[in-house]
Amino acid sequence: MSDKRLTFKKRLHILKHHYRGKKMAPAFNALHTFLFAPDETTHSGSHVRAADDLKRTMNTVIMALVPVLIFSMFNAGYQHYSAINGFPQDFSLMNDFLTWDNFWIGIIKVLPLLVVSYGVGLLVEFIFAVIKGHEVEEGYLVTGMLVPLIVPIDTPLWMLAVAVVFGVVIGKEVFGGTGMNILNPALTIRAFLFFAYPTWMSGDKVWVYQAVERAGGPDAISGETILGYLAQNKAAEMSYSVSDMFFGFIPGSVGETPTFLILLGGLFLIFSKIASWRIMLSAVIGSLVMGLVFNGVVDAGWIDETSKFYGLMSFEFWKHLIVGGLAFGIVYMATDPVTGAQTNRGKWFYGFFIGFLSVMIRVFNPAYPEGVFLAILLMNVFAPTIDHYVVRGNVKRRMKRLKNATILPKDSEGKANELHAETV
């Protein structure tokens, strides 16, 4: 078996050298690099020896997303059958959730979303690489996994394909490709879907498999999310417990519900030094602060139960983190190293405003009670400005220290040591 594998690898190396300099070389090199490590080494000049590269970084994020993907496949079936038959009274993880019937729904609904996301996105990447004559970038490896997890389960595949083309071209390629984009490509795709096809991104039907096609019939089912209930002041009709919210046994976008697994993924990214803990922590603080402000407004009696904002304002502040896409956005999207703030102090401001604005948009936009993707896109735009003022502040403080350092004591002859002052 090893001999065959070595032979295959050797043949790929030979073909790689054969395609070198030709039009389709970037496309072939991308396939070669995906399967095997490059066979080239640096022979001259200074270079860095390290085990990490862009592909390994992206693969680490994908590993953190795989448990969420697997859970979402089971949850797709669980929400479908629960909407039809009613939620089980005595819930059993093995008998009610981890079943083949549930997983099969995930296979026929979630996997096609994943295939279309990767297929269309990578096709666009390959086309741009061939046209521009540069290597295919690995940046879409994570985007392709994120996109199926942030859309409703019944999103038509053709809509997703159109959105992916828009997101990759407008959200990344027009800026120069991976590392040059100012907006998160996955969220650009989600924003396009939201504004182009709003009826497929909100409501009480799109979150559960077959709820759309059953609408209006005798076997109609509903899949209202928790935020949907709260936006309509129908909190009393919800039957979900805090445990359901935390572990993810609730309707929502494909992969946004399992807060527990998202938390584990966040810890994995922090300890592997892929994601910034400063952004995550500050975003959590920002969302809690905004939630506390709204709870305080309700407790002070400044808003009554008849207001359309009451349901979300009165929602306990800490529960905002375990419903909707807030946790998912904080862990996997706000921490994007390209579109986020780069300075350590800037990351605190950047993350705080993401959490703060996410809860604010949730409350003041009851027609679409989810604001994390809009908050992150907005802060993507302001991230360079935040870093600019942080750097300017650092420069001013250093100039002040430099000015103080030039005030030196007299030397033995009573004269200032001007030469040393100029050196400082």
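Which helix does W348 lie in? W348 lies in helix 16, and we'll come back to it below.

## What you're looking at

This is a predicted model, so here are the ground rules: local features need pLDDT of at least 70, side-chain atom pairs count only at pLDDT 80 or more, and totals for chains, interfaces and linings use all residues. Residues are numbered from 1 along each chain as its sequence is written, and side-chain values use heavy atoms, with hydrogens and water left out.

The protein chain comes to 18 helices and 0 strands. Helices (H or I, at least four residues) and strands (E, at least two) are DSSP runs, numbered from the N terminus. Of the 424 residues in the chain, 47% are buried. Buried means under 20% relative accessible area, exposed means over 50%, and partly exposed is in between, using a 1.4 Å probe and protein chains only. The accessible surface of the chain is about 21800 Å², and 64% of that belongs to carbon and sulfur atoms. Those areas come from the Shrake-Rupley method with a 1.4 Å probe; for residues, only the protein chains shown count as cover.

Take the contacts (heavy atoms within 4.5 Å) between residues at least 6 apart in sequence: 71% of them join residues at least 24 apart.

## A nonpolar patch on the surface

Back to W348. Together with W277, L281, I285, V289, V293, F349 and F353, W348 forms a nonpolar patch on the surface, with about 670 Å² of accessible area between them. Two elements give two or more residues to the patch: helix 13 (277-299) and helix 16 (344-364). Helix 13 supplies the largest share, 5 residues.

Patches are made of residues with over 30% relative accessible area and no salt bridge; nonpolar side chains (Val, Leu, Ile, Met, Phe, Trp, Tyr) are joined within 5 Å, and like charges within 9 Å. W348 has a relative accessible area of 31%, so W348 is partly exposed. As for helices in general, an α-helix has 3.6 residues a turn, so residues three or four places apart point the same way.

## A buried lysine and its partner

K172 lies in the loop between helix 7 (157-171) and helix 8 (185-196). Is K172 buried or exposed? K172 counts as buried because its relative accessibility is 3%. Its salt-bridge partner is E125, with the closest N and O atoms 2.3 Å apart. E125 lies in helix 5 (residues 100-132) and K172 in the loop between helix 7 and helix 8, so the pair ties together parts that are 47 residues apart in sequence. E125 is buried too.

A salt bridge here is a side-chain nitrogen of Lys or Arg within 4 Å of a carboxyl oxygen of Asp or Glu. Leaving aside neighbours within four places in sequence, K172 is in contact with several residues, among them Y140, T178, N181 and P185.

## The other salt bridges

The structure holds 5 salt bridges. One of them joins R362 and E370, with the closest N and O atoms 3.3 Å apart. R362 counts as buried because its relative accessibility is 0%, and E370 is buried at 10%.

D219 and R214 form another, with the closest N and O atoms 3.3 Å apart. Here D219 counts as partly exposed at 40% relative accessibility, while R214 counts as buried at 18%.

## Helix 8, mostly inside

Helix 8 has 12 residues and reaches 16 Å from its first C-alpha to its last, close to the 16 Å expected at 1.5 Å a residue. That expected span is 1.5 Å times one less than the number of residues. Because 10 of the 12 residues are buried, helix 8 is largely enclosed by the rest of the structure.

What do the buried residues of helix 8 pack against? They pack against helix 6 (140-149), helix 7 and helix 17 (372-405). At the start of helix 8, a side-chain oxygen of N184 reaches to within 3.0 Å of the backbone nitrogen of A186.

## Two positive phi values

Most residues other than glycine have a negative phi. Q210 has a positive phi of about 75° although it is not a glycine. Q210 sits in the loop between helix 8 and helix 9 (211-214), and counts as buried at 16% relative accessibility.

N233 also has a positive phi, near 55°. Its place is in the loop between helix 10 (226-231) and helix 11 (242-247), where N233 counts as partly exposed at 31% relative accessibility.

Notes
A polar contact is a pair of N or O atoms within 3.5 Å; within protein, one must be able to donate a hydrogen and the other to accept it, and residues adjacent in sequence count only if both atoms are side-chain atoms.
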